[in-house]
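Welcome! Please take a moment to look over the sequence and the model shown here before reading on.

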Amino acid sequence: MERIMIIGCSGQIGSELTMELRKMYGNENVFATDIKMAPSYITESGPFQVIDVMDNKRLIHFVIRNKITQIYHLAAVLSGNAEKLPIQAWDINMQSLMNILDLAREVDEVKKVFWPSSIAVFGPTTPRHNTPQLTVMEPNTVYGISKQAGERWVEYYHKRYGVDVRSIRYPGLISHKTEAGGGTTDYAVEIFYEAVRNGKYECFLSENTALPMMFMEDAIKATIDLMEADHSKLSIHSSYNVAGISFDPKEISNEIKKLMPEFEITYKPDFRQAIADSWPASIDDSVAKKDWGLNYKYDLKTMTEVMLREIKTKLGK
Ligand code: AKB
């Protein structure tokens, strides 16, 4: 029987992944943790503990006491926030990963770890379109540098110590349950909330800034599919490219306008424009498709329909 620990259960990914894993493995076998109190649907449906991933001693005690077999380490400082406090972001992103890798090496019961990487591992010298799995990687953001270094460590721990860490280079993630925080792709979530709340949105990226994105339901499925895949099928032990859907702010606003003709968008690029300009516009995910059967359900149209419908219900509009 698997006993799963989620680190960062209150975040954009963690809040949905925790509930999906509880459905699959039983509420009592999915141990949600976060540095702060989690929403009631998490604390009331299964075990929850406030834990700081930087507190190594408590982390090890928790893992041993609860006989944890899998860890999903989702806590991180995202791209926009990391540029404001570069050294702190580097410390948090790297030290938390090293804590988990060492723990997985030392505690035999821990059989698998999931750690998210990001399209931020790529940089301005990377081919921008259909970015290959293996290519030039010269990230120029703190977040990107920490994710790239993380990928190297993850692969090293696999090769040197046999630690089974699995990872996806997530594109921007779009969800209606928990809002993202501090990222560059966050505009693609904010736009829906602002469309429903105010009928208009001022975008912090320019209209033709194309980026890869993915609807959360597809991201959760991809994450669990990778974690369940037969180890012998995996040819990548750093992190897998995942493409999702590529679009720019103008394209998503046109899709919203089809359902809300009165919606208006204006553009006022800020410091996040330079981050977005250094990232790929589209991704080649053929290796993930071949190795573990990556697939998607949502395109821009279906995602827009669900986002608007769900946010309207949530906000009572
Ligand atoms: C961010 O924008 O920082 C994240 C990411 C692409 O990793 N959403």
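## About the model

This is a predicted model, in which local features need pLDDT of at least 70 and side-chain atom pairs count only at pLDDT 80 or more, while totals for chains, interfaces and linings use all residues. Residues are numbered from 1 along each chain as its sequence is written, and side-chain values use heavy atoms, with hydrogens and water left out.

## Two domains

Let us begin with the overall layout. The domain assignment gives domain 1 (4-171 + 216-241) and domain 2 (173-213 + 244-281 + 297-315); such bounds come from an automatic or database domain assignment. Taken over C-alpha atoms, the centres of domain 1 and domain 2 are 25 Å apart. Domain 1 brings 30 residues to the contact and domain 2 brings 25 residues, where contact means heavy atoms within 4.5 Å.

## Where the domains meet

Between domain 1 and domain 2, about 2,400 Å² is buried, and carbon and sulfur atoms give 58% of this area. Buried area here is the accessible area (1.4 Å probe) that two parts lose on being put together, summed over both. On the side of domain 1, Gln12, Arg128 and Pro171 lose the most area to domain 2, together 29% of what that side buries.

The interface also holds 15 residue pairs in polar contact, with both residues at pLDDT 80 or more. A polar contact is a pair of N or O atoms within 3.5 Å; within protein, one must be able to donate a hydrogen and the other to accept it, and residues adjacent in sequence count only if both atoms are side-chain atoms. Helix H1 (14-25), helix H4 (79-84) and helix H8 (216-228) each supply at least two residues of the domain 1 side that touches domain 2. H4 gives the most to that side, with 5 residues. Helices (H or I, at least four residues) and strands (E, at least two) are DSSP runs, numbered from the N terminus. The residues of this domain 1 side divide into 12 nonpolar, 12 polar and 6 charged. In this grouping, Ala, Val, Leu, Ile, Met, Phe, Trp, Tyr, Cys and Pro count as nonpolar, Asp, Glu, Lys and Arg as charged, and the others, Gly among them, as polar.

## Salt bridges

How many salt bridges does the rule count? The count comes to 15 salt bridges, each being a side-chain nitrogen of Lys or Arg within 4 Å of a carboxyl oxygen of Asp or Glu. Between domain 1 and domain 2 the count is 1 salt bridge. The side chains of Glu217 and Lys297 also form a salt bridge, at 2.9 Å from N to O.

Two further pairs sit within helices. Glu155 and Arg152 meet at 3.0 Å, N to O; they are 3 residues apart in helix H6 (residues 142-161), so about one helical turn separates them. Lys221 and Asp225 meet at 2.7 Å, N to O, and being 4 residues apart in helix H8, they too are separated by about one helical turn.

Glu179 and Arg197 form a salt bridge with their closest N and O atoms 3.9 Å apart. Glu179 lies in the loop between strand E9 (172-174) and helix H7 (187-198) and Arg197 in helix H7, so the pair ties together parts that are 18 residues apart in sequence. Glu179, Glu194 and Arg197 are linked in a network of salt bridges.
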